[in-house]
Amino acid sequence: MIGPTPSPATPPRVTPQAAAVPLSSGASLPAYEAKLTVAINVVADIVIARQHGRKLTLHTGCSSGESTLVATVISELARNVLLYAKGGEITVEKTRDAAQQIPLHGIRIACRDKGPGIADIPRVLQGGYSTSGGLGLGLSGVRKIVDEFDIETGVGKGTTVTVTKWLR
Ligand SMILES: Nc1ncnc2c1ncn2[C@@H]1O[C@H](COP(=O)(O)OP(=O)(O)O)[C@@H](O)[C@H]1O
Ligand SMILES: [Mg+2]
């Protein structure tokens, strides 16, 4: 037989899937995905965001109680987006506080919508105020759970809530 030895087959390239797949279709999340933005349009999207938050939190080695708190924060923020703004998006990512002597792991959650905005923030953050007949404890509860809380909102301007929970 004459001719060059065939070169070994090139190994298949594995390209990580971008996170922008329609997650509500039930696609599973790759374990390495440390930052995920989920468009919130249906209840199933909230479930995906919540699961991601829980998984990221558990990866840092913290207690399941803390991961439940993170999941609760994600649910409350995403439910508000769906209910009051008819949709938006939520980003859930791992973060570290490098300024600490032993850097802290944390989870940062940013929830954005282009809905009607919130007119009276102090009233909402006090708790017990709801325009939907709810308990009105969502945002005030989130604020108690997290370590850093920021809200940007204005009537007709939408709402962005950004929070960080440090995991100890
Ligand atoms: N993303 C949002 N866009 C517009 N209004 C919001 C949003 N999130 C919360 N609100 C307003 O703040 C109120 C309090 O929210 P929350 O504390 O989550 O309690 P609840 O959802 O039970 O009413 C809501 O009833 C609503 O009027
Ligand atoms: Mg709520």
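Predicted model: local features only at pLDDT ≥ 70, side-chain atom pairs only at ≥ 80, totals over all residues.
First, the overall layout. The protein has 4 helices and 5 strands, and read from the N terminus they come in the order β-α-α-β-β-α-α-β-β. Of its 168 residues, 27% are buried. Take the contacts between residues at least 6 apart in sequence, and 56% of them join residues at least 24 apart.

Now to L69, which sits in helix 2, residues 64–85. Setting aside neighbours within four places in sequence, L69 is in contact with I145 and K165. The C-alpha atom of R54, 15 residues away along the chain, is 8.8 Å from that of L69.

I145 leads over to helix 4, where it is one of the residues that meet helix 2. Here is who takes part on each side:

| Helix | Residues at the contact |
|---|---|
| Helix 2 | L69, T72, V73, E76, L77, N80 |
| Helix 4 | G138, G141, V142, I145 |

By class, this contact has 5 nonpolar, 4 polar and 1 charged residues.

How do the two helices sit against each other? Two packed helices are described by the angle between their axes and the distance between the axes. For helix 2 and helix 4 (residues 138–145), the angle is about 150 degrees and the axes are 10 Å apart. Angles over 145 degrees count as roughly antiparallel, so that is the label for this pair. The crossing of helix 2 past helix 4 is left-handed.

Notes
Residues numbered from 1 in each chain as written. Chains lettered and ligands numbered in written order. Helix = DSSP H or I, 4+ residues; strand = E, 2+ residues; numbered from the N terminus. Buried ≥ 20, exposed ≤ 12 C-beta atoms within 10 Å, placed from the backbone. Contact = placed C-beta atoms within 7 Å. Axes fitted to C-alpha atoms, helices over the stretch in contact; angles between N-to-C directions. Parallel < 35°, antiparallel > 145°, perpendicular 65-115°, else oblique. Left-handed = near helix turned anticlockwise from the far one by under 90°. Nonpolar A, V, L, I, M, F, W, Y, C, P; charged D, E, K, R; others polar.
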